[in-house]
Amino acid sequence: MTSSPFLYNVRKIPFLSFKGFQSRFISIPPKPTISHSGDNVTFTWRYRLSQTDRSHLKWLVFGEWKNGDISTPLMTVLKNGSHVTNSRRVKWNGNKNAASFNLLSVTIEDDKLYGCKIDFGAFSVLDSVRLRVIGKNQE
C-alpha cells in the first residue's frame with residue numbers, strides 16, 4: 001500500500017486539531033493481545049470520524065503488519081459497507097464507529113503483528129497490535 005505524507009500513527013499523535021484531519025482511534029486492542037491456540041480472537045478499534053473526514057473515507061483494512069503499514073491485507077471494508085476478504089478465517093463485526101475483526105481458530109503461526117488502517121485519501125489513521133498465541137487452553 002502506498003504511503004502518504006500525511007500518514008500518522010495515532011499512538012504518537014492522538015489528535016490533530018486542524019480541519020479535515022480530526023479523525024482518530026478512541027480505543028485500541030490490548031497490547032499485546034494474548035490468545036490460546038484454537039481460540040477465536042477479536043481485534044476492535046473504536047474511532048471517531050469528523051464529518052469532513054467521513055465524506056472522504058475510502059476504506060478500512062485489517063491485515064498483517066510490517067514496516068509501519070499493512071503488508072498483507074486480510075480484509076478490506078469499503079465505504080458502502082461491502083467487504084473483500086482475503087482469508088476465510090477473518091470475519092467483520094464492525095459498524096460505523098468501530099472496526100472489529102475476528103480471526104478464527106488461531107494457531108502458533110498467527111503469532112505476529114496485525115493492524116488496522118482507515119484511509120481517507122489525503123491521510124490515514126492506523127494502529128498495530130502484536131498477537132501472542134500460547135498453547136491450547138487446559139480447561
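## The largest pocket

In this predicted model, the largest pocket has a lining of 14 residues, and Tyr-47, Leu-57, Leu-78, Lys-79 and Lys-96 are those that lie nearest its centre. The space within the largest pocket comes to about 240 Å³. By residue class, the lining consists of 9 nonpolar, 2 polar and 3 charged residues.

Two strands contribute to this lining with at least two residues each, namely strand S5, which spans 59-66, and strand S6, which spans 69-78.

## The open sheet

Four strands form an open sheet in the order S2-S4-S9-S8, and their pairing is antiparallel. Strand S2 (24-27) and strand S8 (90-92) are the edge strands, each of them pairing on one side only. From one strand to the next, the twist averages 30°.

At the S8 edge of the sheet, S8 pairs with strand S9 (residues 98-103) in the antiparallel sense, over 3 bridges. Within this part of the sheet, Trp-92 has Phe-101 of S9 as its bridge partner.

The structure holds 6 salt bridges. One of them joins Glu-64 and Lys-112, whose closest N and O atoms are 3.4 Å apart. Because Glu-64 lies in strand S5 while Lys-112 lies in the loop between S9 and strand S10 (113-119), this pair ties together parts that are 48 residues apart in sequence. Glu-64 counts as partly exposed because its relative accessibility is 22%, and Lys-112, at 25% relative accessibility, likewise counts as partly exposed.

A salt bridge also forms between Asp-69 and Lys-117, with the closest N and O atoms 3.2 Å apart. Here too the pair links distant parts of the chain, since Asp-69 belongs to strand S6 and Lys-117 to strand S10, 48 residues apart. Both Asp-69 and Lys-117 are buried, a class that requires a relative accessible area under 20%.

Asp-111 lies in the loop between S9 and S10, and Arg-130 lies in strand S11 (residues 124-134), so the contact ties together parts that are 19 residues apart in sequence.

Asp-111 is partly exposed, with a relative accessible area of 25%, and Arg-130 is partly exposed as well, with a value of 28%. Through salt bridges that share partners, Asp-111, Arg-130 and Arg-132 are joined into one network.

Notes:
Residues are numbered from 1 along each chain as its sequence is written. This is a predicted model: local features need pLDDT of at least 70, side-chain atom pairs count only at pLDDT 80 or more; totals for chains, interfaces and linings use all residues. Side-chain values use heavy atoms; hydrogens and water are left out. Two strands pair if DSSP finds at least two bridges between them. Axes are lines fitted to C-alpha atoms, for helices over the stretch in contact, and angles run from 0 to 180 degrees between N-to-C directions. On a 1 Å grid over the protein atoms alone, a cavity is a set of points where a 1.4 Å probe fits but cannot get out, and a pocket is an open set with protein on both sides within 12 Å along at least five of seven lines; lining residues have an atom within 4 Å of a point. Grid points are joined across faces, edges and corners, and a volume is the space filled by probe spheres set on the points. Ala, Val, Leu, Ile, Met, Phe, Trp, Tyr, Cys and Pro count as nonpolar, Asp, Glu, Lys and Arg as charged, and the others, Gly among them, as polar. A salt bridge is a side-chain nitrogen of Lys or Arg within 4 Å of a carboxyl oxygen of Asp or Glu. Buried means under 20% relative accessible area, exposed over 50%, partly exposed in between (1.4 Å probe, protein chains only).
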